[in-house]
Amino acid sequence: MAAATPAVAPRHSCAKLSVAVEDPKAASGGGGGAVFVRATWLPTRFSLAVTDGAGAWVAEASDAEVRLRAEQWDQPVSEYLALAERYLAFQQPDSTYSFHDAGKGNRRLSWTFEKQGTKLEWRWKLQPSPNAQQTISEILDFLMDANIRLSEEVVRKTQSFDKLKQEAEKCLQQSERFNTEKTEFEQATFSKFVAVLNSKKAKLRQLRDKVAELESADKPPKEEEEDNSTDHTELFKEGSDKDASVNDEPSETGSGDLHSSPEKSVATSRGRGKGRKRAKK
């Protein structure tokens, strides 16, 4: 045995439609007015209850009628119902609605729409309600309940919006405080960093100056020692040569004259050298 298909909950809608009417009682002198259309939507059928405030009319679109209409328009049943709900649950600004007398107390509700650039019109015939007062009362009750639900929803949304607004203001204040604290912290940290950096720079300058002083204090004595040692050596050599020349000249010449000519000194030294060599032989 196949499981029973769960029943689909019907959907309800109620819309105020601006329509053109022919009954002067419905709209005084203007040929137009407004009607309230309450609809109940099911997967394969729907029902309508319409009132203009003075009378009430109803229509029951059975499964067979809906299927026949859908076939006439070359549409699936679901697409036909969806399009009908779109135009009867909410007034479409591009559609023209009318609510005309269809004879014998009946009324015809019609609305237009465009499909592939062609303007089309749908009509449904409504019969007078067996109990007009009850039908009007049901429509008014539905409107009142919907209005109450919408009012409650508006109150909830307003409260939620106010709460979110307060939370947003708190978040904004916290963000501004955090931003201020962050700026102050960055400034304080930067100031400390600059102070430490300057102190390190000053310390490095002191060390550099001290190293320069030590290098300047050590370098001159070494150079002076090297210069002094060179000078002493040269003086010693020059002095020894002079002493030798002075000591040799008197011994050869037998004279203490220090003002002898260079040639004589050289000759004397050479003669002495020869004399020494001969003696050795």
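Guide: Before we start, one definition: two residues are in contact when they have heavy atoms within 4.5 Å of each other. Also, this is a predicted model.

Visitor: Thanks! Which residues is leucine 126 in contact with, leaving aside its neighbours within four places in sequence?

Guide: Leucine 126 touches Leu48, Val50, Trp57, Val58, Ala59, Phe99, Asn106, Arg107 and Leu109, once neighbours within four places in sequence are left aside.

Visitor: And which residues touch the most other members of the largest nonpolar core?

Guide: Leu126 is one of them, along with Leu17, Phe46, Leu48, Phe99, Leu109 and Trp111. That core has 30 residues. The largest share of it, six residues, comes from helix H2. As background, nonpolar side chains tend to be buried together in soluble globular proteins.

Visitor: Which residues in H2 are buried, then?

Guide: Tyr80, Leu81, Leu83, Ala84, Tyr87, Leu88 and Ala89 are the buried ones in H2.

Visitor: What span should H2 have, and what does the model show?

Guide: H2 has 13 residues, so at 1.5 Å a residue it should span 18 Å. The C-alpha atoms at its ends are 18 Å apart, which agrees.

Visitor: How do H1 and H2 pack, at what angle?

Guide: H1 covers residues 63-72 and H2 covers residues 77-89, and they pack at an angle of about 95 degrees. Their axes are 9 Å apart. Angles of 65 to 115 degrees count as roughly perpendicular, and therefore H1 and H2 are roughly perpendicular to each other.

Visitor: Which residues meet there?

Guide: From H1 you have Val66, Arg67, Arg69 and Ala70, and they meet Val77, Tyr80 and Leu81 from H2. The residues of this contact divide into five nonpolar, two charged and no polar.

Visitor: What about the loop between H1 and H2, which residue lies there?

Guide: Aspartate 74 is in that loop. Its phi is positive, about 55 degrees, although aspartate 74 is not a glycine. In general, most residues other than glycine have a negative phi.

Visitor: Is aspartate 74 buried or exposed?

Guide: Exposed: aspartate 74 has a relative accessible area of 70%, and over 50% counts as exposed.

Visitor: Where is lysine 104, and what is its phi?

Guide: Lysine 104 sits in the loop between strand E5 (97-103) and strand E6 (106-115). Its phi is also positive, near 60 degrees. Lysine 104 counts as exposed, at 84% relative accessibility.

Visitor: Zooming out, how many helices and strands does the chain have?

Guide: There are four helices and seven strands. From the N terminus on, they run β-β-β-β-α-α-β-β-β-α-α.

Visitor: And what percentage of the chain's residues is buried?

Guide: Buried residues make up 21% of the 281 residues.

Conventions: Residues are numbered from 1 along each chain as its sequence is written. This is a predicted model: local features need pLDDT of at least 70, side-chain atom pairs count only at pLDDT 80 or more; totals for chains, interfaces and linings use all residues. Side-chain values use heavy atoms; hydrogens and water are left out. Axes are lines fitted to C-alpha atoms, for helices over the stretch in contact, and angles run from 0 to 180 degrees between N-to-C directions. Helices (H or I, at least four residues) and strands (E, at least two) are DSSP runs, numbered from the N terminus. Angles under 35 degrees count as roughly parallel, over 145 as roughly antiparallel, 65 to 115 as roughly perpendicular and the rest as oblique. Ala, Val, Leu, Ile, Met, Phe, Trp, Tyr, Cys and Pro count as nonpolar, Asp, Glu, Lys and Arg as charged, and the others, Gly among them, as polar. The expected span of a helix is 1.5 Å times one less than its number of residues. Buried means under 20% relative accessible area, exposed over 50%, partly exposed in between (1.4 Å probe, protein chains only). A nonpolar core is a set of buried Ala, Val, Leu, Ile, Met, Phe, Trp, Tyr and Cys residues joined through side-chain atoms within 4.5 Å.
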